Amino acid sequence: MPLQKILFKPGVNRENTRYTTEGGWYECDKVRFRQGNPEKIGGWTRISTNYFLGVCRSLWNWVTLASANLVGVGTNLKFYIAETGTYYDVTPIRASSTINNNPFVATNGSTTITVTDTSHGAATGDFVTFSGATGLGGNITATVLNANYQITVLTANSYTFTASATANATDASGSPGGGASVVAAYEIAIGPSIQGPLTGWGAGGWGNGGWGIGAASSVGLQLWNQINYGQDLVFGPRGGGLYYWDANSGLTVRGVLLNTLGGTVSFTNASPTLVTSTILYTEGAALQFSGGSLPTGVTAATTYYVFQVNGLTFNLLDGNGLAVNTSSSGTGAVSLIVDVPTVVSTFTVSDSSRFVITFGCNDYGSATLDPMLIRWSAQDDIYNWTPDPTNQAGFIRISHGSEIVTVVQTRQETVIFTDSAIYSLQYLGPPYVWAPQLLGDNISIMGSNAAAIASGIVYWMGVDKFYAYDGLVQTLNCDLRRFIFQDLNQDQNQQVFGSTNEGFNEIWWFYCSANSTSVDKYVVYNYLEKIWYYGTLSRTAWLDSGLQSYPFAATYDSTAGQGNLVFHENGLNNNETATTTAIDAYISSSEFDIGDGHNFGFVWRVLPDLTFENSTSSPTGTAATVNMILYGLTNSGSGTTSSANANVVKGSTYVITEEFTGQIYTRLRGRQMIFKISSNQINTAWQLGAPRIDIRPDGRR
């Protein structure tokens with residue numbers, strides 16, 4: 001027989017048996033398709049040797065007016081701003097106060113320090129920063145104490161931490177100590193690194209489980225939302241408050257609650273009083289004031305409304321709508337910007353119209369989260385959330401579903417996902433401002449990070465299928481659907497995340513396999529070629545930003561409890577650590593035969609066809625190499641009965657572009673055959689072409 005080309009359809013198909021999908025690819029890892037041909041994916045390199053604490057679940061990239069290229073990094077333990085590979089801790093402070101006199105107790109030979117702080121309100125794992133402390137006289141110096149520590153709670157009034165030095169006898173004899181001016185600044189609560197089981201009444205949806213017992217559910221992860229507002233950053237954990245980080249304050253300044261950023265004011269004795277502010281407010285903003293020199297006629301902790309704005313000056317109305325008069329001048333501070341949401345599921349900033357929009361938040365005058373309520377600020381005024389005829393702040397509640405899961409901002413609309421429906425939110429202008437439109441019902445989404453947008457189309461992973469929205473909601477035809485969803489840990493659905501790899505027209509989804517509680521696998525949809533492939537890789541977040549040279553992702557070392565950022569499609573190897581290692585990549589075909597497998601086939605020669613373009617020499621001078629394998633099977637259910645493999649090596653004397661071993665001699669017999677190509681060598685890149693095999697009929701048994 002003449003030589004037979006080995007040509008397979010692009011993409012990987014696991015929806016049927018290996019024999020049924022003849023003519024296609026069946027298994028792969030760390031391989032993609034370019035123009036229909038499989039090739040090894042690019043490598044990855046860590047951005048720096050620095051690290052962050054915890055598991056990163058959120059990344060955001062923006063540039064300030066000073067041209068600083070910044071990345072927000074949200075982990076289950078902290079929130080960082082990263083610049084040029086350095087991570088700055090800007091985690092907001094929950095509470096800060098001068099704690100008990102001489103609060104530290106040390107034990108000789110131990111690094112454990114016990115702290116007494118009445119009603120500290122912290123939980124085990126939370127972080128605290130001490131300042132103003134004096135040393136205990138020995139190894140536990142002021143420098144050791146005045147640092148950031150993670151604590152273990154003993155009681156409501158005490159906890160311990162592990163110091164960076166071991167106490168000696170002098171420290172023990174000097175305990176309790178630390179002085180009378182120790183300030184403890186407690187960071188907001190940490191979150192779990194994985195979802196944990198939650199059972200009992202109230203767990204799961206209404207009606208699930210037995211009466212009074214409830215159903216199994218899970219404890220949510222610490223999932224951060226973040227987006228820049230101009231050069232500044234708005235961020236916060238899911239189910240937490242809205243925090244604001246001011247780029248002008250510097251990288252070492254922590255984020256603070258948005259409703260506390262009211263600035264200072266001065267009052268002019270007039271009827272009505274004239275207020276001059278350091279913050280620009282719009283009509284209708286609701287404020288409360290504090291300060292030791294408030295004028296007569298203005299009371300602390302009372303809500304007033306901004307009226308007749310003229311630049312940074314305005315008048316006030318009281319709760320009855322009457323103008324506020326004062327009989328003296330005075331100064332003070334805005335202690336609270338009333339009506340700013342204090343508990344939020346997720347949020348975004350409308351890019352052109354400059355509204356901050358929260359999805360799932362507390363209602364006006366309430367501290368309880370309404371998971372289906374949408375509220376937005378006044379236009380171009382992040383401080384004003386009080387609806388008024390003179391501004392565009394407002395709210396609306398949607399009804400399909402039990403909670404808003406996530407949102408994706410597109411060119412002309414914001415796509416809202418509830419746990420059972422999808423909406424489009426569009427700007428209409430006054431008086432309605434923003435209006436939702438139901439796009440589809442009985443539609444699922446795997447988690448709050450499971451959606452991504454590419455070329456104006458929104459793609460997302462549901463609980464049992466993949467979807468796309470391009471003006472119409474549609475189910476994606478997936479050749480890996482059963483393979484993926486039967487090997488997916490649904491109890492860790494919140495760890496699922498999707499993102500783009502625009503340079504290769506890909507959407508990547510990462511997920512936990514069935515027996516794993518950490519992300520270890522991925523599936524890729526190539527939206528240009530409309531094909532699927534998959535692999536194994538441990539990542540916790542991914543961002544494809546046009547502000548960076550490469551897509552970047554977050555890694556996590558569970559042993560050290562810390563992570564790092566790596567650039568993907570950068571180089572040819574795994575440079576996640578200081579040690580360069582090879583990327584183990586392979587792809588294998590479905591079964592193929594002669595005709596319909598009536599005869600056995602005998603293969604005695606293989607003519608490879610591939611390119612090693614972009615490969616480089618290894619440190620030892622070894623040429624780039626891949627391994628080609630042919631497996632022979634007696635029948636589809638027999639398993640492999642014979643195999644033949646050989647290395648295909650990049651040549652050094654050829655003048656044509658494709659430089660590799662010319663031909664491979666082998667002896668292989670089988671009714672069906674499987675072709676596989678793999679590589680596990682540093683500095684190797686390859687793309688498969690159309691290899692040929694010399695095959696002839698070889699009897700019927």
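How many bridges join strand β51 to β55? In this predicted model, strand β51 (residues 601–607) runs antiparallel to β55, and five bridges connect the two. Within this pairing, V603 stands opposite L668 of β55. Both strands belong to an open sheet of four strands, ordered β1-β58-β51-β55 and paired in the antiparallel sense. The edges of this sheet are formed by β1 (4–5) and β55 (664–670); each has a single partner strand, so one side of each is left without a neighbour in the sheet.

Strand β56 (residues 672–679) pairs with β50 and with β53. With β50 (residues 585–589), the pairing is antiparallel over four bridges, and K676 of β56 is the bridge partner of S588. With β53 (residues 625–633), the pairing is likewise antiparallel and extends over seven bridges; here I677 of β56 is the bridge partner of M628. Strand β56 is mostly covered, with seven of its eight residues buried.

At the level of the chain, the secondary structure comprises three helices and 58 strands. The C-alpha trace spans about 110 × 70 × 60 Å along its principal axes. Of the 701 residues, 52% are buried, while the chain exposes about 29,300 Å², of which carbon and sulfur atoms supply 49%. Among contacts between residues at least 6 apart in sequence, 61% join residues at least 24 apart.

Conventions:
Residues are numbered from 1 along each chain as its sequence is written. This is a predicted model: local features need pLDDT of at least 70, side-chain atom pairs count only at pLDDT 80 or more; totals for chains, interfaces and linings use all residues. Side-chain values use heavy atoms; hydrogens and water are left out. Buried means under 20% relative accessible area, exposed over 50%, partly exposed in between (1.4 Å probe, protein chains only). Two strands pair if DSSP finds at least two bridges between them. Contact means heavy atoms within 4.5 Å. Accessible areas come from the Shrake-Rupley method with a 1.4 Å probe; for residues, only the protein chains shown count as cover.
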